[in-house]
Amino acid sequence: MSQTLTEGARQGSVDSSSAPSSRRWWILAIIGIAQLMVVLDATIVNIALPSAQADLGFSDGNRQWIVTAYSLAFASLLLLGGRIADLFGRKPAFLIGVAGFAGASVLGGASTSFGMLVTARALQGVFGALLAPAALSLLNTTFTDAKERAKAFSVYGAIAGAGGAVGLLLGGVLTDALDWRWTLFVNLVFAVVAFAGGWVLLSNHRDAANSRLDLPGTLLVSSGLFALVYGFSNAETHDWSSPLTWGFLATGGILISGFAWWQTRAEHPLLPMRVLLDRDRAASFVTVLITGAGMFGVFLFLTYYLQLNLGFSPTKTGVAFLPMMATLMIMAQVSTTVLVPRIGPKIVIPAGFAIAVAGMAWLTGIGVASDFSTAVLPQLLLIGAGLGIVMPPAMALATSGIAAEDAGVASATVNTMQQVGGSIGTALLNTLAASAATSYLAGKDATNKLVRAQSTIESYTTAFWWSAGFFAAGAVIAFLLYRRGAQEQDPDAVRAIHM
């Protein structure tokens, strides 16, 4: 079967233009805009939640559903979205995803009730699950030259890594200057540019046109991912001992195990095992998962610290993350275009994780009244450098050498790993942080403001230490899994350009 795929790959390359398209860098810009819209939406609404809550009058208990509705739909449908792009074409998947995401954003911005806003967020997740894998697979099949591909993925990976911080900045500016609704309406601007560019620059190509959709596999993995993400979300808002938490986590594990079993027997598997069994690709999937879990500790708890303890406004909080974003983008270029091609991921990616560990450990030194320039800024620069070294190469290697008919589902797997990692990080770090604050207050005067302030510091530093632990585990796993040496381009792998 692998020989047949290889022959098909060669034929696909023959049928396509052998010369790189002059429009490829414009396509990268369009893909980057679409990806930024999806990634920043995970955090841009967070800063606006207090304002939305006051406007629409929903309870603190319901507030988490504004975030959870998006992540549940997005995570559970990503693999289906990726396979749809392979089966029916990446251009229509991209355009429908962009248009649907924009429509859902407008619906959310115009919300007059809590239910309307939750529905809009869920619809954003649905269309995001179609858009994100289509965008990444377009990038994978557009750039064929190894050096150009490295540059393209350094840009894409930087957007994926820094998008959360961009969301914090943009959310703060829009909430302060205009209204919380503009954190959703702003997506219309991104969408118009991405849709117009995609309509003009892209042409459709169905690399898996002869396959069929694996309905049993789709039901198993979608329901399994839904159960996992819901279980972790329930742990965040209730408790790890809650029957709902363990029930959904156990159900999710069983369903995903059933999905893995079915994929070895299905005639047209949703996620072919050949996508997962490559050693470097598997290492990259795990790297993206761990990075997603650990990054949460930086963005959420540091946002709390800057606003609640240091008194930063939402806009100032977003600006505080800019140096980290700049460092991440610079190191994304260096790692993807220079370090990994020369040294290989076995050394570079663990080294990036180690730098991030150092930054997170250093960040645990914050106090109730620390100075941002000495207690936060240098640490953010170090963390940004580490994540810039890790994230873009991992994303590039996760889709490197993949057959064109599998590009969509491989790209979806990357996004799924990042989303599930974020859900795991959200639940674990929130629970651990809350426990740390409770333990600190035991036997102390909880009415004392200084005591309560110090308890919040304990919760933040606990989250930072665990994030450092995630990154340390990532360094060990990456070192064990990645192959030695620089990565060679597979001449038989599909690198067809479909413009």
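Predicted model: local features only at pLDDT ≥ 70, side-chain atom pairs only at ≥ 80, totals over all residues.
Start the tour by selecting Ala-434, which lies in helix α18 (residues 407-441); helices here are DSSP runs of H or I with at least four residues, strands are runs of E with at least two, and both are numbered from the N terminus. Ala-434 is partly exposed at 44% relative accessibility, where buried means under 20% relative accessible area, exposed over 50% and partly exposed in between (1.4 Å probe, protein chains only).

Residues are numbered from 1 along each chain as its sequence is written, and side-chain values use heavy atoms, with hydrogens and water left out.

**Whole chain**

Zoom out. The chain has 19 helices and zero strands. Of its 499 residues, 57% are buried. The accessible surface is about 19,100 Å², and carbon and sulfur atoms account for 67% of that; areas come from the Shrake-Rupley method with a 1.4 Å probe, and for residues only the protein chains shown count as cover. Contact means heavy atoms within 4.5 Å. Among contacts between residues at least 6 apart in sequence, 85% join residues at least 24 apart.

Select Asn-187 in helix α8 (residues 187-201). Asn-187 is buried, with a relative accessible area of 0%. Leaving out residues up to four places away in sequence, Asn-187 touches Met-37, Leu-40, Asp-41, Phe-101, Ser-105 and Gln-124.

Next, go to Thr-218 in helix α9 (residues 215-237). Thr-218 is buried at 9% relative accessibility. Beyond its neighbours within four places in sequence, Thr-218 contacts Leu-80, Leu-213 and Leu-270.

**A helix pair**

Show helix α14 (residues 322-343) together with helix α17 (residues 377-399): their axes come within 7 Å and cross at roughly 35 degrees. Axes are lines fitted to C-alpha atoms, for helices over the stretch in contact, and angles run from 0 to 180 degrees between N-to-C directions. Side by side in the contact are residues including Met-324, Leu-328 and Ser-335 from α14, and Leu-380, Gly-384 and Pro-392 from α17.

**Salt bridges**

The count comes to three salt bridges, each a side-chain nitrogen of Lys or Arg within 4 Å of a carboxyl oxygen of Asp or Glu.

Select Arg-181 and Asp-55, whose closest N and O atoms are 3.2 Å apart. Arg-181 sits in the loop between α6 (146-177) and α7 (182-185), and Asp-55 in helix α2 (residues 24-56), 126 residues apart. Arg-181 is buried at 18%, whereas Asp-55 is partly exposed at 41%.

Move on to Asp-278, Asp-280 and Arg-483, which are linked in a network of salt bridges. Arg-483 and Asp-278 pair at 3.7 Å between the closest N and O atoms. Arg-483 lies in the segment after α19 and Asp-278 in the loop between α11 (273-276) and α12 (279-309), so this pair ties together parts 205 residues apart in sequence. Arg-483 also meets Asp-280 at 3.0 Å, N to O. Asp-280 is in helix α12, so that bridge ties together parts 203 residues apart in sequence. Asp-280 is buried at 5% relative accessibility.
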